[in-house]
Amino acid sequence: MTRAALFLVTLCLQIWVWGIATASAETPDEALDELLSAARVQVPAACDNPEADRLIRILCSGRIRVGVRGHYPFFSTRNADQTDRVGYDTDVARAIARRLWVAPEWVHVRAATRISTLAEDGADVVIATMGHNTRRDGQARFIRPHYYRSETIVVGPGEADISTWEDISGQRICTTIGNYANSNLVSQGLRLTLFRDAGRLPKALDEQICRLVAHDDSFLASYLADPALGSRFEPKFGFDPVPWGMAVAQTGSDDLARVLQLISQIMHRDGELLELARENGIFNQFLKDQNELWQSPICATTAALADPACVLPALDATPPPTAFADQVKLIQHRMEALFGAAPALPMLSSQPAFDLFIAGIVNSIVLVIGALLATLVIALLVGLLAALPNRLTRFLTWTVVSTIQSSPVILTLVVAGAVANAIFTYSPSVALGSAIVALGLMNGCNAGQAIGEAANSLRQDGQHGRGFSLPLYREAIGRSLTQILSFLINAAKGTPIASFTGAPELLSALTDITSFAAGRVTTYSLVLVFYIAVVFCVVWACDALRKRLDPQKQENRA
Amino acid sequence: MNNLKAVLTSDYPAELLAGMVINFQISTIALALGLVLGVLFLVAGPVVPRTVNTLTGLMRAAPTFVVMFFLMNIVPQQFQVFGIDILLPPEWIVALSLAPYAIAYVVDNGRAAIEGLRAGSRSAALLFLPNLVRAFTVLVMSSGVGVAIGVNEGVAVVLREAEKYPALGDQMLVYAVGVFAFGAFFQIGFACVRLMMRFLSPPEGNRVSE
């Protein structure tokens, strides 16, 4: 009974205070003062009320539990003697705590536990390098204006003249698997070298394994601040900005969220966030822009907090679903019920992923067929030249064949890609075409050499004389059929390497899908199954061809 | 010509050789894995022929590049075996992705060697050795795919050096040096195979009796 009465009184007070605050306060300072005053009025009466807003609980306990990253240089790390935390995120938390007249209490969160910690009431607010996107909007309440914004930056040697995509198109860039920026990098004609762990990227720059690196600027900032690396490498340009938001729990945090919004607005307007960024040595262009924006008359009042001209939207990270996404979900649920686990199928759940997936399959098939045809044509051509009795022609053919044989597959593909890009403007079709030519050259030359050797052996048998004739050529092809078919299979097996030079085949497409969707295990298992199936099909086709072309030999074998 | 001199007198040749040493290391690991597991397959072959044949067929068909990405995404970077922490560097990922080819190769050539022995031809069985050298050569050339996951091997060195030059002609020069280095190894490798073949092959007259 007493509890219910207490709750009613608190509720009435809140409604009254809210009414006054929203009706009368124009500036964020006034609104904040009024909101905090009204909250303090309820302390300690509402302290025992389990329904009270988190703001009341913070004021009652005299501490605010802030979820921060354990080790994220420049944003949240331990100080030298391990007694406290330093960094931009923790400084922002301290500034907020000061305004509330409470002490911050640090709660260690990881990237994967930031939102769950809020949901489980492990922290009052999370300030932990968290990008604000539409997918997360359904899981936590994000505070706007955003307290920071990161972007993916391209880092390269200081002396390199790089400022746009055109300056690096066709080059190799190091990044991490699943990076949000990967699909953008590929679409700009860059060749990706993928690392599992972002921590290896600065080391790869330092050891000159990579000349260019693309990753989040907030992550790379600390490494670039180190003179050993920073004196040689610098950010060239940025793209794909992501606003960072503080977040509170979705329920029971209305007042706390409002207070944090107002504090953020004031801190942007007064340049306090900008100053904290400067003190911590992080990139601050966004905060400079925000400082100017929130000082402008249009964003000066509390009404600006709902004005799209002042607050940024969340990053749209929820791709539209496919028409059959619900059926996919249903199948997944059934599988989970039956087997206890179900594969993630991002390529069937979202439309952009599905489009990439289908395009990847089509391009892979085009690539395989193209590589097989190119191998066959080049094999017949090289075989013809190698079978000619003219020594000069044979020597030239041998030189070309030996050179191509001497090059690792991936290097030949890169060289072919470089030549193609020098002749034509880069495009996925050019990458696909150059890969077909390269695979055809590599395997066709080997098969052609086998035809030449077969022609020689036929001459030694004394069946065709010393000259060249069509029957000799035809019989040489028949004699080297096994070799030709082996190199056709080899050409099919080599096609996925074309993804390294930007050919938009299935491996490349699925790598793009993992940059914006989960389910890497399923994705890469699928691509493995696909290519094994393709190779099996080619093996089967080659066997069928062999039986058709060489029935006599088959019978003898049997 | 001046550019060639500049390329050859730079750090590039030394770095390329250092990179190729990594290619050799990767290939050695892959071949060792291939030998160990291949022999196990050969031993298990008569007991469970269908399983061994199916697995060998799958390994023969699996493209190295896809297997490499598959392993990179499936196998954890760090894991425990009998309480011991094992860190899997990218070089090992490349070696593991080459292992299916090596296993299938060892099984195919091992079977031929065993059949040769059964037929009473020691020399036919000994051809297994030059075939191993051939496999090693192929593995070295294939290990260049490691560049796609950040392994600092020979091809990575070539590509990194080429990116320093804006002109296509200079880039081609760098590529040519790389191809020459790999080509020299390739030709030496196959010369060894030919020599071993010649050494192990029986004289013309003895062939019929074997």
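I started at A:Thr129. It counts as buried because 23 C-beta neighbours sit inside 10 Å. My cut-offs: a residue is buried if 20 or more other C-beta atoms lie within 10 Å of its own, exposed if 12 or fewer, and partly exposed in between, with C-beta atoms placed from the backbone. This is a predicted model, where local features need pLDDT of at least 70 and side-chain atom pairs count only at pLDDT 80 or more, while totals for chains, interfaces and linings use all residues. Residues are numbered from 1 along each chain as its sequence is written, and chains are lettered from A and ligands numbered from 1 in the order in which they are written.

**Entry: positive phi.** Most residues other than glycine have a negative phi, and most peptide bonds are trans. Phi of A:Thr129 is positive, near 50°. A:Thr129 lies in the loop between β5 (125–126) and α6 (134–137) of chain A. Helices (H or I, at least four residues) and strands (E, at least two) are DSSP runs, numbered from the N terminus. A:Trp101 also has a positive phi, about 60°, and is not a glycine. I found A:Trp101 in the loop between α4 (88–100) and β4 (103–109) of chain A. Is A:Trp101 buried or exposed? A:Trp101 is exposed, because 11 other C-beta atoms lie within 10 Å.

**Entry: cis peptides.** I looked up two bonds. A:Val43 and A:Pro44 are joined by a cis peptide bond, with omega about 10°. A:Pro44 sits in the loop between α2 and α3 (54–61) of chain A. The bond from A:Arg144 to A:Pro145 is cis too, with omega near 10°. I placed A:Pro145 in the loop between β6 (141–142) and β7 (148–157) of chain A.

**Entry: strand β7(A).** Eight of the 10 residues of β7(A) are buried, so I logged the strand as mostly covered. Which strands does it pair with? I looked at β11 (residues 233–244) of chain A, which pairs with β7(A) in the antiparallel sense over nine bridges. I then looked at β10 (residues 213–216) of chain A, which pairs with β7(A) in the antiparallel sense over four bridges. Two strands pair if DSSP finds at least two bridges between them. A:Thr152 has a bridge partner in each: A:Phe239 in β11(A) and A:Asp216 in β10(A). In a regular strand the side chains alternate between the two faces of the sheet.

**Entry: helix α2(A).** Helix α2 (residues 28–41) of chain A has 14 residues and reaches 20 Å from its first C-alpha to its last. That is close to the 20 Å expected at 1.5 Å a residue (1.5 Å times one less than the number of residues). The buried residues in α2(A) are A:Pro28, A:Ala31, A:Leu32, A:Leu35, A:Leu36 and A:Ala39. Seen down the axis, they fall within an arc of 120°, so they line one face of the helix. The arc is that of the directions from the helix axis to the C-beta atoms. On the other side of α2(A), A:Ser37 and A:Val41 are exposed.

**Entry: A:Thr514.** A:Thr514 lies in helix α22 (residues 506–514) of chain A. It is buried, with 24 other C-beta atoms within 10 Å. Leaving aside neighbours within four places in sequence, A:Thr514 is in contact with A:Ile177, A:Gly178, A:Arg520 and A:Thr523. Contact means C-beta atoms, placed from the backbone, within 7 Å. I also checked A:Asn421: 93 residues from A:Thr514 in sequence, and 27 Å away in space, C-alpha to C-alpha.

**Entry: chain A overall.** I logged 24 helices and 12 strands for chain A. Its radius of gyration is 32 Å, well over the 24 Å that the globule rule gives for 558 residues, so chain A is more spread out than a compact globule. The radius is taken over C-alpha atoms, and the rule is 2.2 Å times the number of residues to the power 0.38. The C-alpha trace of chain A spans about 110 × 60 × 45 Å along its principal axes. Of the 558 residues, 47% count as buried.

**Entry: the A–B contact.** The contact takes 37 residues from chain B and 43 residues from chain A. On the chain B side, α9(B) gives the largest share, nine residues.

Definitions and conventions. Contact = placed C-beta atoms within 7 Å.
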